[in-house]
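Reader: Hello! Could you walk me through a few local features here?
Author: Gladly; let's have the structure up beside us.

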Amino acid sequence: MADDKNSAAPSEEFRNGGRAVIATLAAHGVDTIFGIPGTHNLEFYRHPSEFGIRAITPRHEQGAGYGADGYFLVSGKPGVVITTSGPGLTNVITAAATAYAESRPMLILSPGVPTGMERADVGMLHETKDSSGALNRLLVSSQRTRTAEGAAQAVAEAFAMFSSSRPGPVHIEVPLDVLEGAWNGSVPTPIPGRRPGLDSRVVSRAAEAVAGAARPLIVAGGGARRASAEVRAFAERLDAPVATTANGKGIISETHPLSLGSNVRFPSVQAESAAADVLIVLGSELADSDLWGGLIGAQTSVGIRDENSAQLVIRCDIDPDQLGKNLGGDILACADAGEFLTTLMAELDHDGATTTSARDAASTGSDRVAAIRGSWNSDFDFESIGARVTRLVEQGAGPAVVVAGDSSQVTYDGSVHALTASTPDQLLYMPGFATLGYGIPAAIGAKLADSARPVACILGDGAAMFSIQELMTASELGLGIPFVIVDNGGYAEIEAQMVDRTIEPFAVKLARPDFAALGQSMGGAGVTIAESDIDEMLPAAVAEALERSVPTTIHITVGC
């Protein structure tokens, strides 16, 4: 009994704002947090172990944010980051802005100056002019709480938002006096999410349109990631090809005969989207970061429909502000993609609609996909170093591998198109914000989310140097991740752009470390493979790396 009494004592003695927040996280299913302890956030860190929450300590707060994002993409649970005040918080801003650009849930918790000291400018440690105000302009929201009870409620409201609307990062600032002061309330009950209601008239119009479609096409984005089963069922019901954005990669298995892969940037796919008589866009703003200057749908320019085309556009998004971006729609459904497709298919069943009646029997959806795929070698260089490395990593790791990429050529000119994804969690990438330094910590977050899943990271040497310190985190955690660093000597694409603009290249040829030796110095394994040897050596090196209990840095020297 004495032991029980002693173990319970800290909970009562330190029933403070930090405990209010951590208890609320636990009540919402949080089992992992990312962050670095600091002078001002220690009352957050007093409580996680009591609630069965593991605290992951990266070597930089930006790594905490990217790790939380990778954790979300594999686990489906919103990533949670705890920073200290001042520089700890500002260090995570790029990762948080990435989550905003890619519409991914992230909760950031930080201490703030004590109540009454806002904008005092008295030289307190880590004092910041207006942290919450700054983040409120970059993220979905930022709230400075006044009480422990208010902090707990803010956490509950953040999770309700994640499940009911377009997700994104939320910041909650807890003043130091609130964080360390008494909490007299109770843990808030999780708030049920309230998604937009479907307009039955919209569903009826959409059902009539797809029932009469002769050449339908589906484009699925990141907003449809949770609706993988529904997208596949709908595509098969319509016998319609499915193309995805990079964030939608794997929503339908890329081995499926109706899959056009994550290749909306390919001219052949864009041409097919223009030729479709009914185009269904699910959970995407059709961003230029995916289209590379091209167009989806029958348009003469971005947002300008081709008046010579009779194409009908159906758009579905949980955020009404997304429904008209970059392509006007004729039928607009403000709804969760899965709920919309389920209701739409039920409507088709109720009406007894035969969705293939208007088609030429010789031109099935799979025939159209096969014809489009036949032109892909002119759309994309599948023998580029990024594409080759991706296929070899997949060969060594198996078809279920999760690949973390970066804003590297080997990702956007490689893994996005060369990885054969069967599920929507196999590519960790951020095409919109295109930030360097994402891949290494995102891979760590993914492996923490599912330790049994093979996880690999493929990135360039320039990107690697933005977060190379996180190899130490992976080593400390005993994570058998192969980090494949494709070394072309610096920022090769920027050098090419300089040349195109007749600028004498500078600051793009970089001195690099011996990556394999660096990985070994951080407690992992290290391998160097010349580009000429990758076909023979890389799959085995990846397979061996996945068997280790420490990370392996695989340094590929391009041109050797």
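Reader: Where is Asn326 found?
Author: First, a word on conventions: this is a predicted model in which local features need pLDDT of at least 70, side-chain atom pairs count only at pLDDT 80 or more, and totals for chains, interfaces and linings use all residues. Residues are numbered from 1 along each chain as its sequence is written, and side-chain values use heavy atoms, with hydrogens and water left out. Helices (DSSP runs of H or I, at least four residues) and strands (E, at least two) are numbered from the N terminus. Asn326 sits in the loop between strand 12 (312-317) and strand 13 (331-334).

Reader: Is Ala507 buried or exposed?
Author: Ala507 belongs to the loop between helix 22 (492-500) and helix 23 (515-521). Buried means under 20% relative accessible area, exposed over 50% and partly exposed in between, with a 1.4 Å probe and protein chains only. At a relative accessible area of 58%, Ala507 is therefore exposed.

Reader: What is the phi of Asn326?
Author: Asn326 is partly exposed, with a relative accessible area of 29%. Its phi is positive although Asn326 is a residue other than glycine, with a value near 70°.

Reader: Which residues is Met161 in contact with, leaving aside its neighbours within four places in sequence?
Author: Met161 is part of helix 8 (residues 148-164), and its 16% relative accessibility makes it buried. Contact means heavy atoms within 4.5 Å. With those neighbours set aside, the partners of Met161 are Val140, Arg166, Pro167, Gly168 and Val170.
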